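Here are my notes for the file. Please read them with the model open.

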Amino acid sequence: MPLSLLVLLTRRKSHCCATVTLITQKKRGKRKKLDFDLEKFHLIPVHVDTWGFLVFVNLDQDPNPLSKQLGNLPETCKNYPLEKYDVVKSRVYKPECNWKLLCENFMEWYHLSAVHPALCDFSVPDNHENLPAGENYINFRTYPLADCGGPADTDVFNFVDGINDEEKKQLAFYHIYPNVSISLYTHSAYTLIMLPDAKDPEKSTEHLTLLMPPGSRCEGDSDEVYSKKVDGLMDFVVWSMTRMLISVKKFRKVYRNEAYPGGRFAIELESTCTTTNK
């Protein structure tokens with residue numbers, strides 16, 4: 001069974017817990033405790049492991065270890081102290097499309113110039129390159145980045161402590177099978193977790209989370225200045241997400257068009273999707 005559930009773990013809330021509330025029923029404005037035996041209806045044990053700011057939950061009785069699922073991904077990201085990142089902003093979307101389409105949208109580059117012109121000024125499509133994929137993840141990056149006076153520029157915040165000179169010029173993208181995408185900036189990170197809708201395969205839920213490590217604030221930045229910078233970065237990511245969701249909704253109609261026979265347009269722009277689908 002593949003990884004079945006992923007949630008964020010932050011430094012401020014570095015433990016997992018579960019609580020059980022006794023079932024009650026409301027009758028004539030009063031609540032009455034029902035006969036509920038916790039020994040008979042206890043929580044089901046699950047396997048839990050962590051990597052960086054992610055918690056992985058697997059419902060299999062005897063799952064593969066997380067280290068096998070991730071392969072060399074932790075080694076690839078070793079210079080980023082992901083376990084120290086804190087959640088600073090988050091948002092939940094309800095896209096009208098299948099969750100797999102959201103995953104592929106993150107991985108392919110077809111839509112960038114048309115949908116994300118502001119992002120392309122900073123993360124230039126011609127500077128995108130695929131990197132070796134793992135068994136359960138794909139990896140590509142923009143190198144070098146092009147600072148353009150935007151809220152995501154490399155000099156807006158301090159560099160992540162520990163990254164090397166090359167990583168200070170790149171934006172790294174990872175998609176972990178099946179439903180988690182991570183973008184590692186030089187100063188921050190954001191994650192996307194795509195979940196299917198239980199009733200409608202053409203609907204889904206997407207969780208966007210912006211995270212930052214300690215020490216990201218530039219020396220001399222007041223609380224107000226730093227807060228505006230973080231808001232600006234989140235607005236930049238949200239703006240890109242909003243435009244993406246509009247385009248995905250339109251594309252949903254295209255791929256259902258019987259006149260389209262399927263197939264590739266430009267392999268270098270979609271090889272990440274091909275790798276994942278294998």
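Which residue in E9 is the bridge partner of Ile138? It is His175.

1. Basis. This is a predicted model, in which local features need pLDDT of at least 70, side-chain atom pairs count only at pLDDT 80 or more, and totals for chains, interfaces and linings use all residues. Residues are numbered from 1 along each chain as its sequence is written, and side-chain values use heavy atoms, with hydrogens and water left out.

2. The E8–E9 pair. Strand E8 covers residues 137–142, and strand E9 covers residues 171–176. They are antiparallel and share six bridges. Helices (H or I, at least four residues) and strands (E, at least two) are DSSP runs, numbered from the N terminus. Two strands pair if DSSP finds at least two bridges between them.

3. The whole sheet. E8 and E9 belong to an open sheet of seven strands. The order is E6-E12-E11-E10-E9-E8-E7, and the pairing is antiparallel. Strand E6 (86–93) and strand E7 (128–131) are the edges, each pairing on one side only. Neighbouring strands are turned by 15° against each other on average, direction ignored. Axes here are lines fitted to C-alpha atoms, for helices over the stretch in contact, and angles run from 0 to 180 degrees between N-to-C directions.

4. Helix H3 (residues 99–107) lies across E8, E9, strand E10 (180–184), strand E11 (189–196) and strand E12 (204–212). H3 runs at about 155° to E11.

5. E12 and its two neighbours. E12 pairs with E6 over seven bridges, antiparallel. Arg91 has Leu208 as its bridge partner in E12. Eight bridges join E12 to E11, again antiparallel. Eight of the nine residues of E12 are buried, meaning under 20% relative accessible area; exposed is over 50%, and partly exposed is in between (1.4 Å probe, protein chains only).

6. Leu211. This residue is found in E12. Its relative accessibility is 0%, so Leu211 counts as buried. Where does the chain come back to it? Ser188 is 23 residues away along the chain, yet the two C-alpha atoms are separated by 5.8 Å. Leaving out residues up to four places away in sequence, Leu211 touches Phe53, Tyr85, Asp86, Val87, Val88, Ser188, Ala189 and Thr191. Contact means heavy atoms within 4.5 Å.

7. Nonpolar cores. A core is a set of buried Ala, Val, Leu, Ile, Met, Phe, Trp, Tyr and Cys residues joined through side-chain atoms within 4.5 Å. The largest has 40 residues. Leu102, Phe157, Tyr185, Tyr190, Leu192, Leu208 and Met241 touch the most other members. H3, helix H5 (117–122), E8, E9, E11, E12 and helix H6 (223–255) each supply at least two residues. H6 gives the largest share, 11 residues. Apart from this core lies another, of 23 residues, among them Leu66, Tyr80, Val160 and Val180.

8. Met241. Not counting residues up to four places away in sequence, Met241 touches Tyr93, Leu192, Glu206 and Leu208. Leu192 and Leu208 are also listed with Met241 among the core members that touch the most others.

9. Salt bridges. The count is seven, taking a side-chain nitrogen of Lys or Arg within 4 Å of a carboxyl oxygen of Asp or Glu. Glu75 and Lys78 form one, with the closest N and O atoms 3.1 Å apart. Glu75 is partly exposed at 49%, whereas Lys78 is exposed at 56%. Arg217 and Asp223 meet at 2.8 Å, N to O. Arg217 is partly exposed at 34%, and Asp223 is exposed at 56%. Lys229 and Asp221 also have their closest N and O atoms 2.8 Å apart. Lys229 is partly exposed at 22%, but Asp221 is buried at 16%. Glu129, Arg141 and Glu166 are linked in a network.

10. Cysteines. How many disulfides are there? The count is zero, with a disulfide taken as a pair of cysteine sulfur atoms within 2.5 Å. Cys77 is buried at 3% relative accessible area. Cys218 is buried too, at 17%.
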